[in-house]
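Work through the two exercises below with the sequence and the structure open beside you, and try each task before reading its solution.

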Amino acid sequence: MEIDEPRCFGSGEKKKVAHKVDKVLLDLFWKLAEGNDNERVKAAESLVNRLAENKKQDAEGHASQEKYCLQRLVRGMASSRKFARVGYAVTLTKLLRETKDIKVKKVLEVIAEELKVSAHDPKTEVGNKLLGRVFAYGAVIQSERKLKGEQLGTVVRELLTVGSKKSHIRPTVTQTLMDLIGCLTLEVFSETVWPVLKEDLDKGWEECTPDRLIFLLACRNKDKSLVDKAYLKAHWGAAKILGKKNYEHILQLFRRSVETPQLQQMMLEMVAKEMTRKVDDMDDLKDFWTKVGNPLLASTVPRKQVALSLFCHLLEQTSDPALAESMLFPAAAAVICRAYDRKDDALFDVCRRAESLLVGACRDQEKSGAVLSMVTKFIQTCHRLKYHDFLRSNTLSTLVSSLQGESVKEFSEMCMDCMMGRGDLVQQDDDKEDSAKHRDQFSQQLVPLLRVAAVNPTVQQSVPLTILQFLLLHTFFKVIKATKDIPHCQEVGPNFSPALRNQCQSMFYKTLTQLLSMRPDRQNPDQQLLTYIRVLSDLAHFTQKLLSNANTVQPVKAFAPELQEEWQKIMKIISNSKPNQKRKSTSGQVGEAETFTLLILHLAFDLFKDPEATMEVLQDIYICHQKAAKKQKAKQAEDGEPEWMEVMTEILLSMLSRPSKLARKTAVAVFGMLSSHVTPAAVHLITQVLKENKSKKDDLFEFEDIKEEINGEADDDDDDKNSEEENDDDDDSDGKEEVMPADEDSSEDDSDDDDAEVDDELRRSVKAALGPAAAGSDEEEEEDDLSDSEMFKLDDQLAAAFRSIKRPTKKEKKEKQKEVAKFRLRTLDLLEVVVKGDRCGDFALEIVEPLMRLVLLKFRGQQGEGQQLCNRATLVFNHLCKQRNLVDHIHSQEEMMEVTHNLLQLAQSGSNPQLAGHMANGCLCIMRLMSAQPDSSEASPVKTRAMREDVKKEAPPTSHDGQAVFVKAVQDALEEDLLKRNNPKYNMAFFSAMILKYPSVFWPFLTTVVKVFQSEQTKVHTKTLTCALLVHLLNCNKRASLSQAEWDMFAPVLPILKKMVLSQRKGSIRSRLLVEVLSALIHVAQMTTVEQRKTVLTGEVFQHLALLKPAFNKDVRRLHFALKQLLSRPDKDKAGKKRKQEDGENAAENGTPGKKKKKQKQNAGVVNGD
């Protein structure tokens, strides 16, 4: 097409030059200014490729198009659009690289012509043109095209001139010249570029600018013979550019560089590389920082930023912590500490960068001594400047975690000495009152660093034990008299404030939590737990020493005599507890003795915090410990007491409800060690937490609504069962209103219960409000005894009484709901232990239904804490369903079938296909349990099997029988859904997921399919769903895997399919049904021979389909064509046999029996379905 060339920049007229330019090229120019980098690069490649294609097709017209593109690309460098310069420069670079026909001389002429500045151009346009020249020259340089001597000199002079005119263009000019210097040979550089640059470099330090120093260093690195010592002495005052004699000049240059930040960063990077080029110059680097870096840090904020940027560049070039320490302290560290956590500070970003680089440099574990010195100086700096916030920074914590071995021990000792007011870590103030307050605040920040040191995996066990003893001592005790017999009691020391003791307590428990969770060097979990128990035991003996020396150490809170007795009992149990020698080393479990020791030791330290509740729990644990050791099963049965494992489960659940993370971690660890003793009743206690609350008012997840949707109208038996479960709820239900049963008798009972549970405070308030009227409430009185005014007065008094009762606010209710949700979420930890344990099969029946209900809630859009619970439950549920070789030694087939019916009923709510798949996985888990049910002669490993002797009297069925019973139950549910309901409730994806995993097992579904098709009351929609299920059955099963008896089950289906095709009429075609029917016929054709197909797919069927073809939609037409194509092919089996026979005869004639055997083996594999 012909277009008018756009007006040139600076000219007042439009050039009337006609070009025949491809429209595709014109469109690509617009894309060169796109904001996306990938789009610009793609457009540049397309433009260059399009020019190359046009050259092949039209060589004559190509010249004009190439000229137009070159001119427009050069003019585009001066565009003010945001990304135009970048896109046009990239395209020009690529064009010059791939099109060698374009001469460099021609490009330079176009640049000079198109970007010429005239006296009439406005300032903005002049700046755009000058910047465009720099980009254009940069594109020529990046294209790696060789410039001749005169051209090269002209380009360099032009760039220097542009840089001198516009200061904001100078960084781009400098970078372009640096690229040019880097790509030139020494000979070309010395002959062409050096003479031009030398004119400015000869001026030396006089009014030196950052770009001049950058060019000097670049030329020095390029050719030392040109920038030799003689030249440097003559023009720069010293033989070394960055020598000691020039420190003052460098300092002044750095101070002036704040005016050009971009050049400043380039200069600092070049200086850092030059200073760290030789390892022997490290002393010079320290001296350089003292004379240049520190004065900048003592100046204004922009100059401090220059110093810290220089520090970062130096740190990038060298990773020596000792060198970093020599530059960091004291000035740089003070600036970094001051700017910590002040995001509005101008130095925040550069300080964070310095911290990150510092941490990276200190990860060199061989320099642990230098890291310790750096950490110590940081702490001293924070103490001197009172910048306590930096002490809790991740930077300092990471530096402490980088320490190793003896350095960790030395650091922990320094911190403890500092907290006790001794040592050389920090110096005390002259003002004693201010010193005590400052020390207390400072010590509060040191305690977390002690925790970091205690959990360092490189230290010996004595280091964390020493730190824990120190934290324990100053959390629960105070030293009143110095003694050398007890660690950390060598002196009385300063008095710890309540805030500092709370900090010690918090870090004490956090340290224990990390020690319990960490796995150093992939240590065996058993060994790690035994190590942790030994640490707790040593702490207990240390506490025993403290309690037994009342004249030296006293508890912060009074330790009553009964607590003393309880502590002595604990120590006696610990002393008598010995590891179970009978357990196998390969079992991967800690013995019962160690398990109870861990739990008792954990609760022992809680005697100092909450003695009453702890003592009550300890009594139950003692009993459980005795029963577990003596195994008094007979006594338990006689007394009717619960199993000790059930009591332990209740205790562990109560620990999960605590806010302490250590308590929760300990509960999970103890439950894992006792997993071999878990009983169904214990698992039931866990699953009860996950089940619904019967109070709709406070039910966070509204399980009851789901159950009503699933079950429809609730039965009376279910109501009675719900009432029983409601009475079994925990005592901490906080008096929530209960759901009233429907019948009158139960409502009267509930009202009586409500009267009995009225709060005493409320009763007294109402009685006081009624006054004399309350005394005669039991006798019958006439209403005339009280006047209207008296009754109104009573109303006011009663209203005041009820208003005085404090009711929970919405915020309090919300917080309580969150706590309940968190408790349920933590309970899943115990359930996960069961699922991942060796006895998962024994308890899968108890677990699968509660988890499935939570999975159902996930797809119902639970939010907040409820969403987290459902997501976690889904993960545990998926892990359960993936378990293989599960064997249930406890439950009978009747119990399994009861759960199966519940799951089938629950699956009716699976409207989502993905949810239906989860429901199917849960049901298949039950099927695997029923299939693997052991014979009655097999010994059960369950220790509580004696409780279920009545259930085990009848011999369980074989695996085949159990599987058949399950399939029959699922088939009955499918049949009821399709035949007895107008609108099926099940999502067919539920049954399809089962068929997909076990195709042959669910082949008997064919009988249900036949019943649905034969029923006259079946709707078209139901037939469509049934036919889709049939297609899935045929698709998943292979003819070779089915026996003849199983295949004969399919015989009644064939005439029905034929009848369904013939029943279609042109004016009322059921397209969806026809799609499924044709799909089924295609699978039938694939599974049968030609003769068998003809019995079903007769000419009558195809003639009828041909008549209906004009009314087919796209899907039906496609399947109809596929069916015809399939029937037109020969029988694959016969063709294969014929080819096999021919190949065998040919092989025999050619004398190659080896090939014959190989072909026979391959064909046999195909027949067998391999």
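**Exercise 1.** How do the residues of the lining of the largest cavity divide into nonpolar, polar and charged?

*Solution.* The model is predicted, so local features need pLDDT of at least 70 and side-chain atom pairs count only at pLDDT 80 or more, whereas totals for chains, interfaces and linings use all residues. Residues are numbered from 1 along each chain as its sequence is written, and side-chain values use heavy atoms, with hydrogens and water left out.

Begin with the lining of the largest cavity, which consists of Tyr509, Leu512, Tyr532, Leu536, Leu601, His602, Phe605 and Leu662; here a cavity is a set of points on a 1 Å grid over the protein atoms alone where a 1.4 Å probe fits but cannot get out, and lining residues have an atom within 4 Å of a point. Next, sort these residues, counting Ala, Val, Leu, Ile, Met, Phe, Trp, Tyr, Cys and Pro as nonpolar, Asp, Glu, Lys and Arg as charged, and the others, Gly among them, as polar. The lining divides into seven nonpolar residues, one polar and no charged.

**Exercise 2.** Find which residues of helix 24 and helix 31 meet, and classify them.

Note on methods
1 Å grid on protein atoms, 1.4 Å probe; cavity = no way out; pocket = protein on both sides within 12 Å on 5 of 7 lines; lining within 4 Å. Contact = heavy atoms within 4.5 Å. Helix = DSSP H or I, 4+ residues; strand = E, 2+ residues; numbered from the N terminus.
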